[in-house]
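Thanks for coming. Please have the sequence and the model open.

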Amino acid sequence: MFSPRNTESPNPFRPALQYLIDTAKPQASHRHSNSSGSLDSDNEGARSRMTSKSSTELRPHSIPLINISRSPSPFQRRHSGSNPASETDDEDWADQPSLSRRSLLPQDGYKMTGWRRLLYQGGFGQWLFTTQLGWSVFIGIMVLWLGGCQIGLIIMNRIILWSGYLKENYTSHTKLMVIIAGVYKFPYPLTTTLIEMLITHFFILLSAYITRWFSPWLVSAGVSSMVAPSRPLSNQSGAPGFRGQQKKVGTLESIVRWTASFSGGIAGGGLFEFDLAVVKQVLPVAVIFVGKVSLSNISFAYAQLPIYVLARIGMVPLSLIFSAFLNGASHSVTILSSTLCATLTLLVATTRTNVRVTWESIVAGVFSSLFVALYPVQIQRTYKSLVASLVPQGELIGTFPSSNASADYSGSKEETRAYWRLLHYTSLLSIIIFTPIVFLSGEIGNISRNCYFLDVFFHWLMVLCGGLGSWAVFFCTIALTRATSPLTTTFLFIPRAAFLLPIMSGWKMPAYSWIGIGMCWASCAWFMIGRRREGRPLERLR
């Protein structure tokens with residue numbers, strides 16, 4: 001019934017009886033059966049055509065491949081427009097990784113308006129850093145913050161170091177001093193400085209974690225440069241080696257590695273991040289900062305406010321010289337004239353007769369003015385070197401946002417990491433350098449023998465407020481220097497002194513002092529107009 005003429009073909013789809021015939025007959029009978037009848041041949045031809053058709057339909061290339069995702073994704077797949085002929089997933093994801101994912105909420109043609117655009121599409125950062133009004137508001141806020149915190153820090157240190165003197169000399173005409181000036185005088189400026197440094201470092205660490213907690217809102221608003229890095233650089237971790245060949249380390253070395261390489265901390269490298277290459281870059285800033293703070297507090301502890309200001313009157317002209325020679329900055333005639341006029345008029349306002357002066361305050365004040373003028377200049381130099389060391393060779397600094405991602409004009413990730421590194425290493429190295437100086441000065445022994453009010457809550461409350469003000473000044477000084485110039489940071493000394501002199505004098509000054517104060521404020525306004533006319537540098541606006 002079934003013709004065995006196709007038994008030599010490799011087709012597996014054959015009737016079961018045909019397999020029996022193949023096993024029953026020898027190989028020669030297969031060739032003999034080629035002369036079968038036409039009916040059998042026709043039936044077998046139809047059957048072979050059906051079999052070949054079925055085998056053709058069951059080939060693997062004829063099975064349609066359905067692209068079904070395994071799980072729903074909040075991001076949409078979009079094929080690359082630059083390579084429309086790409087048919088594989090690897091080519092589509094590898095060509096443009098930054099454009100391969102986009103959020104489902106803001107569609108391509110959807111744009112938010114009003115306050116939503118400021119908070120969710122980077123509009124706040126774009127307005128703040130790319131418009132003249134936004135940049136002026138940003139600089140104004142930082143100037144007011146730094147100037148106000150410097151005034152508060154001076155008042156707190158005066159209360160800590162001069163509490164007894166304030167109660168005896170200022171309560172007759174200043175009612176506020178009756179409340180804040182106690183009988184506890186703590187005349188130890190170096191120890192006070194070290195305590196404020198420790199509190200400053202703690203608040204820097206706390207501010208870094210706060211920025212990480214609010215990072216989703218800061219990034220969506222377009223100010224991601226405020227967020228402290230949470231991870232160390234990938235190239236800082238050494239190669240782990242082959243399995244089973246790692247070198248065994250001790251317990252102490254394990255703790256050091258954990259604190260140095262663990263994520264978090266201030267700059268992303270752990271709580272005690274300590275990179276020797278970065279230490280070499282930041283060490284000059286830390287040394288200058290220690291000299292600035294220690295000499296300023298020594299001069300402040302042994303002099304009245306007019307003498308303290310008079311001893312440091314030359315810091316603004318010194319800042320002009322240092323910024324011109326060390327940073328190559330060029331100053332316009334308006335800036336030079338306004339700064340020199342402000343310095344001379346402040347000199348007239350602070351000049352006093354029949355005032356007791358100690359040589360410690362004058363010497364410490366003069367030398368501190370050198371460190372105060374040099375500190376912002378070195379901050380700018382160190383910040384630029386840190387950014388240059390973080391940028392890979394051959395690459396450019398900056399962010400180039402895609403058409404679908406919200407633009408962020410606040411700064412690049414290298415600039416952000418350099419800023420937080422500068423904060424971390426300057427604070428940490430300053431504490432390390434300054435701690436032996438405090439113990440060698442002998443103040444710790446004097447405090448243990450002579451201070452009987454270390455358990456008073458009000459004293460430590462004032463110290464805590466002083467540390468908080470020190471953190472605000474330290475934090476904003478680097479930020480303002482990075483955004484503007486060292487001269488702008490140093491020039492704030494003049495309006496701050498012009499504001500404090502009448503208040504601390506009980507509004508009782510001679511006529512020439514009032515004239516000098518008025519002309520000093522006029523010179524400050526002249527300086528502000530000149531800086532505003534110069535505007536923001538074009539490369540920063542871009």
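T426 sits in helix α18, which spans residues 413-441. Keep in mind that this is a predicted model. Is T426 buried or exposed? Its relative accessibility is 0%, and buried means under 20%, so T426 counts as buried. What does the polar side chain do there? A polar atom of the T426 side chain lies 2.6 Å from the backbone oxygen of L422. Leaving out residues up to four places away in sequence, T426 touches V282, V285, A286, R421 and F474.

Next, V473. This residue is in helix α20, residues 457-483. V473 has a relative accessible area of 12%, so it is also buried. Which residues does V473 touch, again not counting those up to four places away in sequence? They are L146, C149, Q150 and L153. Take L153 from that list: it is 320 residues from V473 along the chain, yet the two C-alpha atoms are separated by 8.2 Å.

Last, the surface. There is a nonpolar patch of about 760 Å², made by F202, L206, Y209, I210, W213, F214 and W217. Which helix gives the most to this patch? Helix α10, residues 189-213, does, with five residues. With a relative accessible area of 46%, F214 is partly exposed.

To recap: T426 is buried, V473 is buried, and F214, in the patch, is partly exposed. That's what I have.

Technical notes. Residues are numbered from 1 along each chain as its sequence is written. This is a predicted model: local features need pLDDT of at least 70, side-chain atom pairs count only at pLDDT 80 or more; totals for chains, interfaces and linings use all residues. Side-chain values use heavy atoms; hydrogens and water are left out. Helices (H or I, at least four residues) and strands (E, at least two) are DSSP runs, numbered from the N terminus. Buried means under 20% relative accessible area, exposed over 50%, partly exposed in between (1.4 Å probe, protein chains only). A polar contact is a pair of N or O atoms within 3.5 Å; within protein, one must be able to donate a hydrogen and the other to accept it, and residues adjacent in sequence count only if both atoms are side-chain atoms. Contact means heavy atoms within 4.5 Å. Patches are made of residues with over 30% relative accessible area and no salt bridge: like charges are joined within 9 Å, nonpolar side chains (Val, Leu, Ile, Met, Phe, Trp, Tyr) within 5 Å. Accessible areas come from the Shrake-Rupley method with a 1.4 Å probe; for residues, only the protein chains shown count as cover. A salt bridge is a side-chain nitrogen of Lys or Arg within 4 Å of a carboxyl oxygen of Asp or Glu.
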